[in-house]
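Please read them with the coordinates open beside you.

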Amino acid sequence: MRQLQIQADGLSGHLDEFWPIVGPDSGWSGGKGESWEDGPYFLDGLVPLAWQLDSPKLKAKAMRFIDWTLDHPWENGMFGPRGNDDWWPRMVMLKVLTQYHELTGDARVMPLMTRYFHYQLQALPARPLRDWGRMRWQDELLSVLWLYQRTHDAKLLELAHLLRQQGYDWQGMYAQFPFKEKTDAEALRKQAGASDAFMQDLGLQVHGVNVAQSLKASPMWSVVSGGAPDREALHHQLRMLDTYHGLPNGMFSADEHLAGRSPSQGTELCTVVEAMFSLEVALAVTGDASLGDRLERIAFNALPAALTDDMWAHQYNQQPNQVECSLHREPWTTDGPESNLFGLEPNFRCCTANFHQGWPKFANSLWMATADRGLAAMSYAPCTVTTEVRGVRVVVEQVSEYPFRQAVSITLRPERAIAFPLRLRVPAWSQGTHIAVNGKPVKASAGFTTIERTWAPGDTVELTFDAGVKVERGYNGALSFSRGALLYALPIKENWVIWRKRELTNDWQVYPGSRWNLGIRPDVQIAVSEHPVAEKPFAGAAPAVQLAMQGRYVPAWKASDGNAEPVPAKAEPSDDEDVQGITLVPYAGAKLRIAAFPALD
């Protein structure tokens with residue numbers, strides 16, 4: 001709840017007040033302004049945020065767009081701004097409408113979606129999917145299947161097959177996965193033999209946001225096909241991304257295209273939130289506990305790292321090894337020099353509109369219903385859930401300071417005693433998980449622990465995870481340190497300088513005020529200390545956990561154009577300086593940081 005309120009008090013709750021793109025003249029509220037993806041992107045996060053906080057103010061902001069969209073359909077079944085007939089932005093708006101209907105039951109939603117899908121089924125043969133829509137067909141499939149599960153309209157399955165037929169074959173691309181190095185814009189143009197390779201398949205299939213959205217394609221199609229290969233394909237896809245482009249924070253590099261494994265490469269914020277949503281969808285479809293581990297790694301590290309602590313500014317690209325946020329062109333491929341600045345719309349405006357979905361959709365995915373009419377804890381965070389299980393109203397309250405602490409308390413309050421299975425995700429990193437129901441131990445199982453019993457009001461489940469420090473190897477043998485769901489980093493002293501005032505917020509450059517070029521031995525001794533969790537849990541000023549260890553300076557490892565050079569495979573420590581005591585903090589709190597260190601012999 002704290003993160004959601006911080007978000008509402010920041011850009012998410014005020015963006016439409018001073019950013020014209022989603023202001024009163026937006027094409028998605030009947031104006032003549034921006035009429036493509038930005039309005040729907042903004043709503044995709046604003047709607048769940050507004051209803052989770054039960055905020056009349058935020059709901060009213062969302063309803064300006066939703067009422068106009070629902071009340072102004074085209075005569076032929078199309079909807080949205082008439083100055084734009086692109087399939088892609090409507091795919092995003094459909095996701096907004098499905099969430100809105102689940103929250104309100106508004107009777108206008110399903111008829112509009114039905115008319116639109118029937119129209120699209122007739123129109124697609126002559127006006128097929130192209131560029132962004134072709135690459136992101138799986139995002140519409142989500143809404144098509146959502147409606148089918150409620151209406152059983154056979155035409156929706158026809159549309160699902162047509163979308164897949166016209167859409168890009170992501171599963172086939174990953175099966176052969178040719179993109180094993182950092183991709184270069186000029187090389188893409190030459191390979192494509194075209195002047196604008198960015199909009200050709202060759203460019204779009206390595207575009208980070210497309211890749212993040214692609215991770216839901218195979219799991220979603222498995223709902224139609226029922227095939228095990230479709231359900232299982234995601235594991236191979238993640239393995240390919242990790243092997244050739246994986247970063248310590250759980251993400252893959254994408255600044256703007258797939259960029260290899262160097263921790264000095266970045267990842268776009270849109271890519272982060274879209275990867276989270278794809279994993280949430282895949283987790284819902286497959287029930288694979290390992291996807292929850294990945295989701296938490298991204299949600300508790302990569303997401304808050306790209307936002308200022310008050311969520312009034314964000315980055316376009318974040319780097320695990322980020323030693324300066326300034327106007328520089330390295331190491332980006334097609335992105336511009338503002339890419340890792342914190343601000344209103346650094347580099348390009350898409351993340352300004354799209355980042356809002358990260359925390360609210362994660363909150364939506366903390367608990368899920370199960371196929372056998374039970375409940376499942378998919379991720380852990382403080383929350384209260386009110387739902388219905390087997391016809392009985394149940395309130396579930398989860399109290400914890402996870403991921404900074406490893407104890408979770410869950411209290412169930414059904415209106416009357418009711419028997420149902422409760423499934424608890426056990427993270428793979430926890431080798432000694434303890435679970436108790438009303439004080440009586442329950443054996444923990446790998447993946448999900450299922451507790452079958454009759455639940456009475458006030459029953460309490462206590463979980464305690466075993467989070468030891470893990471040393472992970474990455475690019476050029478670089479060392480990264482994690483404990484539980486959190487990645488840790490060396491904080492670099494930050495000097496924040498306003499570069500440009502942007503009405504209610506600012507654009508910032510951040511310069512280093514301390515040395516950072518340290519190497520660490522793989523067998524280093526590590527001391528863990530815990531401290532109070534602050535009101536802003538991910539803020540760097542008061543880290544809730546610290547890892548103390550020793551390192552040595554590596555003089556040859558330097559910065560070039562504001563960017564840390566790739567971690568050296570062979571690190572030579574300084575002969576002139578002693579061993580240094582260093583302290584690592586949770587990754588997200590250090591906006592300048594080193595998260596991947598050269599390994600010392």
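Helices (H or I, at least four residues) and strands (E, at least two) are DSSP runs, numbered from the N terminus. This is a predicted model, in which local features need pLDDT of at least 70 and side-chain atom pairs count only at pLDDT 80 or more, while totals for chains, interfaces and linings use all residues. Residues are numbered from 1 along each chain as its sequence is written, and side-chain values use heavy atoms, with hydrogens and water left out.

1. The cis bond at Glu256. Glu256 sits in the loop between α15 (228-245) and β1, and the peptide bond that joins Asp255 to Glu256 is cis, with omega at about 20°. The side chain of Glu256 also makes a polar contact of 2.8 Å with the side chain of His207; a polar contact is a pair of N or O atoms within 3.5 Å, where within protein one must be able to donate a hydrogen and the other to accept it, and residues adjacent in sequence count only if both atoms are side-chain atoms.

2. Is His207 buried or exposed? His207 has a relative accessible area of 4% and is therefore buried, where buried means under 20% relative accessible area, exposed over 50%, and partly exposed in between (1.4 Å probe, protein chains only). His207 and Ala254 are 47 residues apart in sequence, yet their C-alpha atoms are 7.0 Å apart in space.

3. Thr267 lies in strand β1 (residues 267-268), and its relative accessibility of 1% is why Thr267 counts as buried. A polar atom of the Thr267 side chain lies 2.8 Å from the backbone oxygen of Phe252.

4. Helix α3. This helix, α3, covers residues 38-52, and its 15 residues reach 22 Å from the first C-alpha to the last, close to the 21 Å expected at 1.5 Å a residue; the expected span is 1.5 Å times one less than the number of residues. A bend of about 25° occurs in α3 at Leu46, with a proline, Pro48, following within four residues, the bend at a residue being the angle between axes fitted to the seven residues ending there and the seven starting there. Of the 15 residues of α3, 14 are buried, so that the helix is mostly covered.

5. Helix α4. The 16 residues of α4 (residues 56-71) should span 22 Å at 1.5 Å a residue, and the 21 Å between its end C-alpha atoms agrees with this.

6. How α3 meets α4. The two helices, α3 and α4, pack at an angle of about 140° with their axes 9 Å apart, where axes are lines fitted to C-alpha atoms, for helices over the stretch in contact, and angles run from 0 to 180 degrees between N-to-C directions. That angle makes α3 oblique to α4, since angles under 35 degrees count as roughly parallel, over 145 as roughly antiparallel, 65 to 115 as roughly perpendicular and the rest as oblique. The crossing of α3 past α4 is left-handed, a term used if the near helix is turned anticlockwise from the far one by less than a right angle, with right-handed used if clockwise.

7. How α5 meets α6. Helix α5 (residues 87-104) packs on helix α6 (residues 109-123) at an angle of about 155°, with their axes 11 Å apart. That makes α5 roughly antiparallel to α6, and the crossing of α5 and α6 is left-handed.

8. Further backbone points to inspect. The peptide bond from Tyr402 to Pro403 is cis, with omega near 10°, and Pro403 is placed in the loop between β6 (392-400) and β7 (407-414). Met311, in the loop between α17 (289-305) and β2 (317-318), has a positive phi near 60° although it is a residue other than glycine, and Met311 counts as buried because its relative accessibility is 4%. Asn438, in the loop between β9 (434-437) and β10 (440-442), likewise has a positive phi, near 50°, but Asn438 counts as partly exposed at 42% relative accessibility.
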